[in-house]
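Colleague: I have a structure to discuss today. Could we go through it step by step?

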Amino acid sequence: MRARATDTSWVVSGVLLALAIALPKFASGYVVDVGLTIITYAILGLGLNIVVGYAGLLDLGYAAFFAIGAYTTALLETLLHFSFWATLPFSLVFAGASGVVIGYPTLRLRSDYLAIVTLGFGEITRIVATNLDITGGPNGIYGIEPPSLFGFEFSSPRSVYVLGMAFFIVVLVFAVRLGRSRLGRAWTSIREDEAAAEAVGVATLRVKMLAYVIGALIGGLAGSLFAARFGTIDPTAFTYLQSVTILIVVVMGGRGSIPGVILGALIVAGLPEMLRFLNLWRIFGFAVALVVLMLLRPQGLWPAHVRRAAPRPEEETVAHEAEAAEAAGKETEAAVSLADSGGLEAAAARETLLEVHDLERRFGGVRAIGGITFQVRSGEILALIGPNGAGKTTVFNCLTGVIRPSGGRLVWRGEPLGGGAPHRNVHRGIARTFQGIRLFNHMSAFENVLIGMDHRLHTALVAELVGTRAARAEAAEHGALGQRWLDLVGLGARASEYASDLPYGDQRRLEIARALASQPRLLLLDEPAAGMNPTEKHALMAQIRRIRDLGVTVLLIEHDMALVMGVSDRIIVMDHGEIIAQGTPAQIQNDPVVIDAYLGTAEEDDGPDATDGEKSLWG
Ligand SMILES: Nc1ncnc2c1ncn2[C@@H]1O[C@H](COP(=O)(O)OP(=O)(O)OP(=O)(O)O)[C@@H](O)[C@H]1O
């Protein structure tokens, strides 16, 4: 059924594209001219869509890249007599380089600050173009030669249309392939939850930079086409209003949706022309229509499909084989190879995986961790327990690189750990789940897991975009392994469901699968049983043991004492940022200092919703 709908939409898209290509054959010169304007906005919209739609970064100065491309072509053609084609690489380099220069410092900022900086960049670019002599000041640059290829000159509007259409098709194919690639997946994860994306191994700053720079390249390309089309440019074409118009193309069409962007371009560039008989009123009418539209369809006219990728048939076959193997009494997880990370071997060796020396963390006057020292040995299940506010999550945040310790040392497998972005720690083998579930809700369960694995891919992005045999083979292998991680936590059959549609317990399991998919040496579980019913907690205990049996060391924060006592090899008890006891479950249960700390909490806390684990001690 779904396949048929997809086939139909391909056929419809193909027919529309063929009609658009053939437009100069049957339409008037005026219609072709409007068509070329629509194409220019569609190219610009596709570029900005990568930034705003895919990666969720608000850019209010996109016209700056359009201007850089246009001025580069105009200057190189008129001053240095370059051909149009020879100016193209320079347009791309200058637009891309400006993307890097503006993006690198600003992409660390939150989205609203980014919007202000990009707005400023757009205006500065326009003002510079208006005031420099070399750019012709307010009069701009005249006499830009039309492009020619093998003796054919693209001077008539119809021939420039054909050239514009060729540019559009290249950008379209590129944007579609990008959206479906691992980079597209990473952009979506950042748009959904940037901190979670970083915590599962996405190099968020680099990935955002790529969105910004690729968007800039496409803007530059559109600028060159614009200069070639008119033969003259001036700063009025690159105002703030132009940036907003391109943004309207994306937002009105549907952020992240390629058909939406094309529809947006059709409306933004085509509708005012159709309403020309209304004279000035058309602008008013257009503005009113826009407001009504945004009220009625804030998601855009043709919203993006929510990512719902599921394993491909060959991957499903592997998954079913795995299920069959399980039915035959073999362990599914045996199929999940940790051999390359040496997990099982290391577990057997019981090496010291992590050393924490005098770890300290202050928040202003609050000493959340007060100089604690402990070790994590490979292959153990170590629980970190303590009353609310004891500092447990702060320890996790220091270990994962989310926050920097105020003092002390972390040693990971003999090497200092610290500094650098959190994704680096994931790549080094430390994965985590969150106290409050942080899945990528508008992605399938399968894609959530793939995000955790993507940094392990070897094929280059370019090979993936081109679709080389090696890239396809690796992607299939990658998908099959992703399916196995889902099987491992019992979610194999729900691979194609949106994360947000899963029941609470399944969401917790999916978070574990996503963390495991990065093939960590150490898995940090932050209150994994929170909100689970007794049956689910029981299953979770078995799951944690299975994870350990795979060779993954587990560091667990949990308030449910029955679970902690049932599953842990060792327990560390924290209170007020200090370690007050450590030992086996039996030792901890009988430790008077621990009992005191917990009973103290229970007595102080008379509220009806105090955690069971704290009040009843060992459950
Ligand atoms: N970002 C922050 N800014 C200021 N104070 C913080 C911050 N994070 C934690 N704290 C403080 O540090 C202390 C330890 O908090 P933390 O969340 O690590 O405790 P916890 O043991 O994980 O508690 P819980 O079991 O409730 O999750 C608390 O007093 C908390 O208010």
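This is a predicted model: local features need pLDDT of at least 70, side-chain atom pairs count only at pLDDT 80 or more; totals for chains, interfaces and linings use all residues.

Colleague: Which residues does the annotation "transmembrane region" cover?

Modeller: According to the unreviewed UniProt entry, the annotation covers residues 39-70, 82-104, 160-179, 209-228, 240-268 and 280-296.

Colleague: What span should helix H12 have, and what does the model show?

Modeller: Helix H12 comprises the 16 residues 281-296, and at 1.5 Å a residue it should span 22 Å. Its end C-alpha atoms are 22 Å apart, which agrees.

Colleague: How many residues of H12 are buried?

Modeller: The count is zero among its 16 residues, so H12 is hardly covered; a residue is called buried if 20 or more other C-beta atoms lie within 10 Å of its own.

Colleague: Now to the ligand. Which residues are around it?

Modeller: The residues around the ligand are Phe-363, Val-366, Ala-368, Gly-386, Asn-388, Gly-389, Ala-390, Gly-391, Lys-392, Thr-393, Thr-394 and Gln-435. Strand E4 (366-377) and helix H16 (392-400) are the elements that give two or more residues to this shell.

Colleague: Which element gives the most?

Modeller: Helix H16 does, with three residues.

Colleague: How does the shell divide by class?

Modeller: It has four nonpolar, seven polar and one charged residues.

Colleague: You mentioned E4. How does strand E3 run against it?

Modeller: Strand E3 (residues 352-363) and E4 run antiparallel and are joined by nine bridges. In one of these pairs, Val-356 has Phe-374 of E4 as its bridge partner. The two strands form a hairpin with two residues between them, and Gly-364 in the turn has a positive phi of about 60°.

Colleague: Is His-81 buried or exposed?

Modeller: His-81 is exposed, because it has 9 other C-beta atoms within 10 Å, and a residue counts as exposed if there are 12 or fewer.

Modeller: Phe-150 is another example, with a positive phi near 50°. Phe-150 lies in the loop between strand E1 (148-149) and strand E2 (152-153). Phe-150 also counts as exposed, with 4 C-beta neighbours inside 10 Å.

Colleague: Let us change topic. What is the strand order in the open sheet of six strands?

Modeller: The order is E8-E9-E10-E5-E11-E12, with mixed pairing. Strand E8 (430-432) and strand E12 (578-583) are the edge strands, and each pairs on one side only. The twist averages 20° from one strand to the next.

Colleague: In which sense do E8 and E9 pair?

Modeller: E8 and strand E9 (residues 522-526) pair in the parallel sense over three bridges. Ile-430 stands opposite Leu-522 in E9, and Arg-432 has Leu-524 as its bridge partner there.

Colleague: What joins E9 to strand E10?

Modeller: Five bridges join E9 to E10 (residues 553-557), and these strands run parallel. Leu-523 has Val-554 in E10 as its bridge partner.

Colleague: How many residues of E9 are buried?

Modeller: Five of the five are buried, so E9 is largely enclosed by the rest of the structure. Leu-522, Leu-524 and Asp-526 point one way, while Leu-523 and Leu-525 point the other way.

Note on methods
Residues are numbered from 1 along each chain as its sequence is written. UniProt positions are given in the numbering used here, feature names are shortened, and annotations may be inferred rather than shown by experiment. A residue is near a molecule or strand if its C-beta atom, placed from the backbone, lies within 6 Å of it. Helices (H or I, at least four residues) and strands (E, at least two) are DSSP runs, numbered from the N terminus. Ala, Val, Leu, Ile, Met, Phe, Trp, Tyr, Cys and Pro count as nonpolar, Asp, Glu, Lys and Arg as charged, and the others, Gly among them, as polar. The expected span of a helix is 1.5 Å times one less than its number of residues. Two strands pair if DSSP finds at least two bridges between them. Axes are lines fitted to C-alpha atoms, for helices over the stretch in contact, and angles run from 0 to 180 degrees between N-to-C directions.
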